[in-house]
Amino acid sequence: FIKKKIRKIKTFLNENKKKKRMEDIENLNLDDLFEEFDLIQEEIEKEKEEKNEEETEQQIKLTEQNIVEMIYFLKSKGLINKQVYTTQDGISIVTKEKLIEELYEAIEQREGRIQIHDLEDIVNVDRSTIEELLKREQKKQLKEVLGSRKIVYFKKGEIITEEYINNIGIDVNRWIQNYGIIDMATITERYSLPLPYVENIVENYLVPQQWIEGKVLRDQIYTNLFLRREKKRIEMFLKGITEPLVLFHDEAMKTIEFNEQLFPTLLQELIYKDKRIKGDYIKKHNVFIPYHYENTVKDRIKEMIENNLVVEYSSIRQLRSYLSSVKPLLLKSNQYKRKDINSMSESEAFLRRSYGDELIYLSDAACTTLLCSQVDEAVKNALEQDTPLELFNMIPAQLQSSDIQILMKQCHTLHDYFNMNTSSDDNEEEEEEEEE
């Protein structure tokens with residue numbers, strides 16, 4: 001029996017090339033031999049099990065593609081609840097949560113701005129999957145606050161987060177604090193973003209949230225200090241103007257180098273809001289009219305009216321070199337309709353704005369109501385005394401025949417007299433017709 005066991009042990013050791021151990025067995029006593037036999041028996045059993053496992057693995061081994069297909073099969077059967085995506089090489093799968101996390105990490109590594117084709121290479125997922133996930137995230141973020149991870153721009157293959165927009169605000173604010181002004185076009189060029197988008201984020205986010213400490217006017221951003229300084233420069237310049245000024249056509253203005261975009265806005269604030277400049281600004285013609293010039297002209301016209309009771313439109317044209325700028329002021333007052341203003345001469349428009357209903361407006365001149373009253377009184381006396389009246393001696397020589405006809409219609413006594421005679425003549429004609 002012992003010899004049989006020893007032969008079996010030697011056969012095993014020989015098969016496993018353990019010669020040294022086989023030589024040791026021959027020197028063992030009986031008890032040690034049986035103990036060694038038990039150990040070898042365990043080794044034999046263990047090796048058999050390992051061999052069987054290897055054979056089993058070889059029989060059921062699956063490729064990576066098989067595993068991916070099997071997972072999708074299990075998902076279709078409802079046995080896997082998580083949403084999973086296949087990588088572009090087709091040998092890996094990733095869950096929705098893990099993919100979103102990887103997308104955000106990639107965006108943050110690029111400081112909040114990245115192209116989608118770069119994301120494709122980083123996360124190894126196709127473009128359509130990335131766009132679908134990010135669009136869902138954008139909708140989700142409308143209801144959730146995600147801080148710097150918030151996606152605020154997702155167009156034309158590019159993704160921008162709120163963190164990147166905030167950094168733009170910090171950079172722009174640093175610039176304008178140093179220089180006082182920056183154009184929207186400069187921001188667009190510096191950050192390679194569409195102008196409408198830049199205008200939107202600046203006006204509706206960066207300035208209201210005080211990432212940029214400034215004010216937006218006419219496609220430019222200014223600091224309050226810059227605006228105050230410009231206002232003071234404009235005020236000092238215009239206080240020395242004595243005649244109507246067409247802005248930026250004057251050599252002095254070109255020398256001082258005012259900001260052409262900002263000047264009209266600040267000028268209107270100085271005139272109509274702050275009341276620091278006395279005058280008018282005609283935006284349509286880009287003309288500034290100082291009040292003291294206007295008052296000087298008005299005084300001379302008033303003198304003409306008081307002396308002659310009449311003022312010709314041609315005289316006003318000679319006094320005023322900026323009559324074309326008056327009609328827009330009438331439109332602002334809403335006192336006249338546009339079609340009525342367009343039919344007026346520029347001189348008449350000025351008089352209407354200055355005197356309103358105090359004058360009677362004729363074709364080539366305007367006269368006072370006093371002249372009309374004097375003519376009316378003279379006509380009344382002549383009718384009562386039944387004496388002839390030489391009207392032309394009463395009417396100023398400046399009036400043309402067309403103006404005299406208009407003036408006569410304003411005289412109530414003469415108007416009523418002609419109406420009465422006309423009606424009596426009509427009655428006599430009717431009586432004659434009846435008699436016939």
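Predicted model: local features only at pLDDT ≥ 70, side-chain atom pairs only at ≥ 80, totals over all residues.

Trainee: Why is F237 called buried?

Mentor: Buried means under 20% relative accessible area. F237 has 14% relative accessibility, so F237 counts as buried. You'll find F237 in helix α11, which covers residues 224–238. F237 and I256 are 19 residues apart in sequence, and their C-alpha atoms are 9.1 Å apart in space.

Trainee: What makes N173 a buried residue?

Mentor: The cut-off is under 20%, and N173 has a relative accessibility of 14%, so N173 counts as buried. N173 is part of helix α8, residues 162–179.

Trainee: Which residues does N173 touch, leaving out those up to four places away in sequence?

Mentor: W211, I212 and E213. Contact here means heavy atoms within 4.5 Å.

Trainee: Now the other end of the scale. How do you know that S192 is exposed?

Mentor: Exposed means over 50%. The relative accessible area of S192 is 56%, so S192 is exposed. S192 lies in the loop between α9 (184–191) and α10 (195–206).

Trainee: And what makes D386 exposed?

Mentor: Again the cut-off is over 50%. D386 has a relative accessible area of 71%, so D386 is exposed. D386 is in a loop too, the one between α19 (369–385) and α20 (401–410).

Trainee: What is there to notice about the phi of S192?

Mentor: Most residues other than glycine have a negative phi. The phi of S192 is near 55 degrees, a positive value, and S192 is not a glycine. D386 isn't a glycine either, and D386 has a positive phi of about 55 degrees.

Trainee: Which residues gather in a patch of negative charge on the surface?

Mentor: E45, E47, E49, E50 and E53. One of them, E49, lies in helix α3, residues 30–60.

Trainee: Why is that patch called negative?

Mentor: Glu counts as negative, so a patch made of E45, E47, E49, E50 and E53 gets that label.

Trainee: Last one: how many helices and strands are there in the protein?

Mentor: There are 21 helices and 14 strands. Among contacts with a separation of 6 or more, residues 24 or more positions apart account for 54%. As for the surface, the protein exposes about 27,800 Å², and carbon and sulfur atoms supply 47% of that.

How values were computed. Residues numbered from 1 in each chain as written. Heavy atoms only, no water. Patch = residues over 30% accessible without salt bridge, like charges linked within 9 Å, V, L, I, M, F, W, Y side chains within 5 Å. Areas by Shrake-Rupley, 256 points an atom, 1.4 Å probe, with all protein chains shown as cover. Salt bridge = Lys/Arg side-chain N within 4 Å of Asp/Glu carboxyl O. Charge placed at Lys NZ, Arg CZ, Asp CG, Glu CD. Helix = DSSP H or I, 4+ residues; strand = E, 2+ residues; numbered from the N terminus. Buried < 20%, exposed > 50% of the residue type's maximum accessible area, 1.4 Å probe, protein only.
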